[in-house]
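Have a look at the model below.

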Amino acid sequence: MSTKISWSRETWNPVTGCRKYSAGCRRCYAEMMTRRLKGMGQQKYAAGFDRVVCHEGCLGRPYELKKPTMVFVNSMSDTFNEEVPLEFIQRIFGVAVDCPQHQFQLLTKRSERLVELAPQLPWPSNVWMGVTVEHEDYAYRIDHLRSVPAAVRFLSIEPLLSPLPNLDLDQIDWAIVGGESGAGSEPVPEAWAVDILEQCQTAGTRFFFKQWGGRHNKRAGHLLLGQTWNEMPEAANTVSRAVKKSAA
C-alpha cells in the first residue's frame with residue numbers, strides 16, 4: 001500500500017494492533033487510523049487497535065511489488081510487540097531475505113525485545129532497523145539498537161517531547177525528527193530541532209526533518225532554518241538506482 005509517510009514509499013502491515021508503551025504513544029496515529037478503518041468496515045481492522053493480530057495472508061505482499069522500493073513494515077503496529085510470536089517475526093524477516101530488491105524499514109519502541117530476539121533473526125543488508133527516542137528518558141534504546149547487526153540503523157525522534165542534548169550517534173546512520181500532531185499537541189521548539197541537526201552534522205548522521213507538529217501541523221510546514229532537510233541513508237540510493245534501471 002502506498003503511503004503518505006514522507007520517508008518511505010510503501011507500507012506493509014502483516015501485523016495490526018498494539019498497546020501503548022511509552023510517552024510517544026499518547027496520540028498514536030495508528031490507533032486513530034485503525035478506528036477510522038474499522039468504522040469504514042475494513043475487515044483487517046475489525047478487531048480494533050487493542051488486539052494484536054498477525055495476518056498470514058499479508059505476508060506475500062512485497063513479492064507483488066513490481067519495482068524496487070522502500071517498505072515501512074508494520075506502520076499500524078510494532079513488529080516487536082510482546083504478542084507477536086518469534087516465528088512470525090522470523091517469517092517477516094524471511095520475506096526481506098527473499099526480496100533483496102526492496103529496502104525494509106522496521107521501527108520499534110520495544111528495544112529490549114529487539115535485543116532479545118536479534119540473534120534468532122536473519123539480518124540481510126536490505127533491513128533498516130530503527131528505534132523511537134521521543135524523550136530523553138528513552139535514549140537507552142540507542143544502545144540497544146547499536147547492538148543489533150542491521151546494515152542501517154536509524155532513530156525516529158518523533159514525536160519530539162523533550163530536548164535531546166547528548167545523543168550518542170555512533171554507528172547511527174539516520175535520524176528522523178518531527179513534532180506531535182493532533183488535538184492538544186504543541187509544536188517542537190526550534191532550539192530542540194536545531195540542536196539535534198547540529199549533533200547529526202557533527203556525527204555524520206543523515207538528518208530528516210518531517211514536521212513541526214502542533215494543532216496546525218500542515219500550516220506549520222517542515223522548513224528548518226529556512227530549508228528542507230530530507231537526507232536519507234546511502235542505502236536509499238540502491239533503490240533509486242534500481243528503479244531507474246528498471247525504467248530504462
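## Strand E8 and its neighbours

Valine 177 has phenylalanine 209 in E9 as its bridge partner. The chain gets from E8 to E9 through helix H6 (residues 190-203), and this β-α-β crossover is right-handed. Right-handed means that, with the strands pointing away from the viewer, the path from the first strand over the helix to the second runs clockwise. Helices (H or I, at least four residues) and strands (E, at least two) are DSSP runs, numbered from the N terminus.

E8 and E9 are parallel and share 5 bridges. On E8 there is also strand E7 (residues 152-157), parallel to E8 and joined to it by 4 bridges. Here isoleucine 157 stands opposite valine 177. Two strands count as paired if DSSP finds at least two bridges between them.

## How the model is read

This is a predicted model: local features need pLDDT of at least 70, side-chain atom pairs count only at pLDDT 80 or more, and totals for chains, interfaces and linings use all residues. Residues are numbered from 1 along each chain as its sequence is written, and side-chain values use heavy atoms, with hydrogens and water left out.

## Both faces covered

How many residues of E8 are buried? The count is 5 of 5. Buried means under 20% relative accessible area, exposed over 50%, partly exposed in between (1.4 Å probe, protein chains only). In a regular strand the side chains alternate between the two faces of the sheet. In E8, Trp174, Ile176 and Gly178 lie on one side, Ala175 and Val177 on the other, and all are buried.

## Aromatic pairs

Rings of Phe, Tyr and Trp (its six-membered ring) pair if their centres lie within 6.5 Å; planes under 30 degrees apart count as stacked, over 60 as edge-to-face and the rest as tilted. That rule gives 11 aromatic pairs. One of them is tryptophan 128 with tryptophan 174: edge-to-face, 5.6 Å centre to centre, 90 degrees between the planes. Tryptophan 128 is in strand E6 (residues 127-132) and tryptophan 174 in strand E8 (residues 174-178), so the pair ties together parts 46 residues apart in sequence. Tryptophan 128 is buried at 0% relative accessible area. Tryptophan 174 is buried too, at 0%.

Ring pairs also link Trp7, Phe72, Trp128, Phe154, Trp174 and Phe208 into a cluster.

## Helix H3

The buried residues of H3 are Phe88, Ile89, Ile92, Phe93, Val95 and Ala96. They cover an arc of only 145 degrees around the axis, which puts them on the same side of H3. The arc is that of the directions from the helix axis to the C-beta atoms.
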